[in-house]
Amino acid sequence: MTKQQANWSPYDNNGGSCVAIAGADYCVIAADTRMSTGYNILTRDYSKICKLADKCVMASSGFQADVRALQKQLAARHLIYQHQHNKQMSCPAMAQLLSNTLYYKRFFPYYSFNVLGGLDNEGKGCVFTYDAVGSYEKVGYSSQGSGSTLIMPFLDNQLKSPSPLLLPAQDAVTPLVEAEAIDLVKTVFASASERDIYTVRRQTRTCYHKCSWYPPGIHGT
Amino acid sequence: MYPYVTGTSVVALKYKDGILMAADMGGSYGSTLRYKSVERMKPIGKHSLLGASGEISDFQEILRYLDELILYDNMWDDGNSLGPKEVHNYLTRVMYNRRNKFNPLWNSLVLGGVKNGQKYLGTVSMIGVNFEDNHVATGFGNHLARPILRQEWHENLSFENGVRLLEKCMRVLLYRDRSAVNKLQIAKITEDGVTISQPYSLKTYWEFSAFENPAQGAIGSW
C-alpha cells in the first residue's frame, strides 16, 4: 500500500508586474491589471495596489491569496498603530513592518513580491523593494513580478542611478519630473507586455506628490 | 488528499436585475456518474447565492459553516444582514485558512448576490485565490465558457438573453466536459430574492456533418 501523495500545491503564481519610481518630491507606483493561473486569464481587471497608510502604497505580485492576507495583516497592524500613536505610519516605518511581517512567515512564506512606495517624513519620494521573505532595501526605483527581468534593466538604463556602493552615499531618487516618470512607467508596461505573457499594458497607477496626492486610479495605455 | 465525489463547472454572470448562475446536477465518483440529483447551488441568507464545484462533502461542510454565520447574523436582530461581499470575504478567509493548515476544502466556489441595488459576483478557489468580475466560472468552465462570455457578455443583459448565454456555455460544456451531465439548474438572484429553477435538460445536436465519418480527411490508424 503506497503512501498517499499530496497532489495539490498551497501556492500558485497569479502573475503580473509592479513598478515604483521615486523623485525629489513625488513617487509613482504602478502595477498591471491581469490576474492569471497557468496559461489562463482569471480576470482582466484586478488591482495589485493597496494603500497601506496616508503616504504609503504597496504594489504586490505573486500568489494573490497570500498578497491579500498580507495586505489585511498590514492594514490591521496600521490600525493598531494609529490607535496607539494617534498618527499615520510613515513610509519608512511601514517598510520595516512589511519586512518583519514577511520574515515572520519565513518557514511558510507569503509568496508575495512587493514594492512599497510613498513619501518620507520630509516629503521626498521613497521606494522600498522586497523579496518574499522580507529582505528589503531603500532604492530610487524598482520592479517586481513576472516582468521584472524585462523591466529592471530598462529602468537601470533610463534612470542611470548612481552605484549604491559609492561613498559618500549618493541620492538614488531620480531628477526626472513627475510627468516624465509617469511617461516612463507607461513605456515600461508597454514594453514588458510585449514579451511577458503575464503582464498587460493596462495598469493601475498612483502618484504621490508632496503638495497633494492623486488617489489610485485605473489609467490605461 | 484527493476528492471523492465531485461536481463539475459552475458558470455565472451579472445581468440587468442581478446574477444568473448555472450548474449541472452530477456528482461523479471518479469516472462513475454516481449521483444525478445533486443541488450544487444554494441560497445563503437573504442576499446571496453560492455555487460550488469540487468535493460535494466539503460543499456540505461549507453550507454548515454558513448556516452558523447566518444564524449569528440573524441573532443580532438589528435589521442588518450580511451581503454577498461579506459572505464572499468570509468564504475566502475559510478557504485560505484551511490551505494554511494543509487541509484544504476541495472546492471552487462562486458567490453571487444583490444588496441595496449593488450586484456582486465573486469566486474563490481551494487555495484562497479570489476575485470578482462580471462573469466567472469554475473548472472546465474557465476554459470553455469564459471565452464565450468575454465575447458575448455585455452590461444590462435581459433575463432571457442572460439565460440564453448561460445555456450556450452549458451546452459547450456538455459536449466537451466528460464529467458534465445533461440535467441542470439555472438560478437567479435579484433584489427580491433567490429562485432556483427546476432541473431540466438542454437540447443537443449530434448530426453535424463535420463529425460524420471523421476519418474522411485523414485515413489512417489514428
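**Cavities, pockets and the chain contact**

Analyst: In this predicted model, the lining of the largest cavity is made up of seven nonpolar, three polar and two charged residues.

User: Which helix gives the largest share of the lining of the largest cavity?

Analyst: The largest cavity has a volume of about 90 Å³, and its lining includes Met170(B), Leu173(B) and Leu174(B), together with others such as Thr8(B), Asp24(B) and Leu202(B). The largest share of that lining amounts to three residues, and the element that supplies them is helix H4 (residues 159-176) of chain B.

User: Which element contributes the largest share of the lining of the second largest cavity?

Analyst: The second largest cavity holds about 70 Å³ of space, and among the residues that line it are Tyr46(A), Ser60(A), Ser61(A), Gly62(A), Gln64(A) and Val67(A). By class the lining has three nonpolar, six polar and two charged residues, and the largest share, three residues, comes from S6(A).

User: How much area is buried between chain A and chain B?

Analyst: The contact draws on 26 residues of chain A and 23 residues of chain B. Trp8(A), Leu42(A) and Phe108(A) supply 30% of the area that chain A buries against chain B, which is more than any other three residues give. Carbon and sulfur atoms account for 54% of the area buried between the two chains, and that area is about 2,000 Å².

User: Which residues form the salt bridge across the interface of chain A and chain B?

Analyst: A search of the whole structure finds twelve salt bridges over all chains, and one salt bridge is found across the interface of chain A and chain B. Its closest N and O atoms are 3.3 Å apart, and the partners are Asp66(A) and Arg99(B).

User: Which element gives the most residues to the side of chain A that touches chain B?

Analyst: Between chain A and chain B there are nine residue pairs in polar contact, counted with both residues at pLDDT 80 or more. On the side of chain A that touches chain B, strand S4 (40-43) and helix H1 (64-85) each supply at least two residues. The element that gives the most, with six residues, is H1(A).

User: How do the residues lining the largest pocket divide by class?

Analyst: The largest pocket contains about 890 Å³ of space and is lined by 38 residues, with Ser53(B), Ser108(B), Thr138(B), Gly139(B) and Phe140(B) nearest its centre. S4 of chain A and several elements of chain B, including strand S7 (48-55), strand S8 (107-115) and helix H3 (140-152), each supply at least two residues of the lining. Divided by class, the lining residues are 14 nonpolar, 22 polar and two charged.

User: Which residues lie closest to the centre of the second largest pocket?

Analyst: About 500 Å³ of space lies in the second largest pocket. Strand S5 (49-53) and H1 of chain A, with helix H2 (84-100) and strand S10 (130-132) of chain B, each supply at least two residues of its lining. Of the 19 lining residues, those closest to the centre are Tyr46(A), Arg68(A), Gln71(A), Asn130(B) and Glu132(B).

User: How many residues apart are the partners of the salt bridge between Arg202(A) and Asp45(A)?

Analyst: The closest N and O atoms of Arg202(A) and Asp45(A) are 3.4 Å apart. Arg202(A) is in the loop between helix H4 (178-195) and strand S11 (203-209) of chain A, whereas Asp45(A) is in the loop between S4 and S5 of chain A, so that the pair links distant parts of the chain, 157 residues apart.

Technical notes: Residues are numbered from 1 along each chain as its sequence is written. Chains are lettered from A and ligands numbered from 1 in the order in which they are written. This is a predicted model: local features need pLDDT of at least 70, side-chain atom pairs count only at pLDDT 80 or more; totals for chains, interfaces and linings use all residues. Side-chain values use heavy atoms; hydrogens and water are left out. Contact means heavy atoms within 4.5 Å. Buried area is the accessible area (1.4 Å probe) that two parts lose on being put together, summed over both. A salt bridge is a side-chain nitrogen of Lys or Arg within 4 Å of a carboxyl oxygen of Asp or Glu. A polar contact is a pair of N or O atoms within 3.5 Å; within protein, one must be able to donate a hydrogen and the other to accept it, and residues adjacent in sequence count only if both atoms are side-chain atoms. Helices (H or I, at least four residues) and strands (E, at least two) are DSSP runs, numbered from the N terminus. On a 1 Å grid over the protein atoms alone, a cavity is a set of points where a 1.4 Å probe fits but cannot get out, and a pocket is an open set with protein on both sides within 12 Å along at least five of seven lines; lining residues have an atom within 4 Å of a point. Grid points are joined across faces, edges and corners, and a volume is the space filled by probe spheres set on the points. Ala, Val, Leu, Ile, Met, Phe, Trp, Tyr, Cys and Pro count as nonpolar, Asp, Glu, Lys and Arg as charged, and the others, Gly among them, as polar.
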